[in-house]
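Hello,

Here is the structure I promised to pass on to you. Please have a look at it first, and then read my notes below.

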Amino acid sequence: MQLDLTKLAALVRNSHLQGKSLRLPAMTVRELGQLASLLRDPTPSIPTSSITHH
């Protein structure tokens, strides 16, 4: 299963800003490193308003 790390990074940012917890899906160490790299970038690639919450 391929993770959309860009969307996941936006979800993490949005959850943090709202003070809500978020459970990360299972991922490899490489994917976790890529996610951390995306989170270090202060400008999200996609607007958080385009992400649907379940």
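L38 is found in helix α2; helices here are DSSP runs of H or I with at least four residues, strands are runs of E with at least two, and both are numbered from the N terminus. L38 counts as partly exposed because its relative accessibility is 27% (buried means under 20% relative accessible area, exposed over 50%, partly exposed in between, with a 1.4 Å probe and protein chains only). Leaving aside residues up to four places away in sequence, L38 touches L5, T6, A9 and R13, where contact means heavy atoms within 4.5 Å. L38 and A10 are 28 residues apart in sequence, and their C-alpha atoms are 9.0 Å apart in space.

A word on how to read all this: the model is predicted, so local features need pLDDT of at least 70 and side-chain atom pairs count only at pLDDT 80 or more, while totals for chains, interfaces and linings use all residues. Residues are numbered from 1 along each chain as its sequence is written, and side-chain values use heavy atoms, with hydrogens and water left out.

Now for the partner helix. The buried residues of α1 are L5, L8, A9, A10, R13, N14 and S15, and they pack against α2 (29-40). One of them, L5, touches E31, Q34, L35 and L38, again not counting residues up to four places away in sequence.

How far apart should the ends of helix α1 be? With 14 residues (5-18) at 1.5 Å a residue, α1 should span 20 Å, and its end C-alpha atoms are 20 Å apart, which agrees; the expected span is 1.5 Å times one less than the number of residues. At the N-terminal end, D4 caps α1, with a side-chain oxygen 3.3 Å from the backbone nitrogen of T6. After α1 comes G19, with a positive phi near 70°.

Which residues make up the largest nonpolar core? There are 5 of them: L3, L5, L8, A9 and L35. The largest share of this core, 3 residues, comes from α1. Such a core is a set of buried Ala, Val, Leu, Ile, Met, Phe, Trp, Tyr and Cys residues joined through side-chain atoms within 4.5 Å.

Finally, the chain as a whole: it has 2 helices and 0 strands, and 20% of its 54 residues count as buried. Among contacts between residues at least 6 apart in sequence, 71% join residues at least 24 apart.

Best wishes

Definitions and conventions. A polar contact is a pair of N or O atoms within 3.5 Å; within protein, one must be able to donate a hydrogen and the other to accept it, and residues adjacent in sequence count only if both atoms are side-chain atoms.
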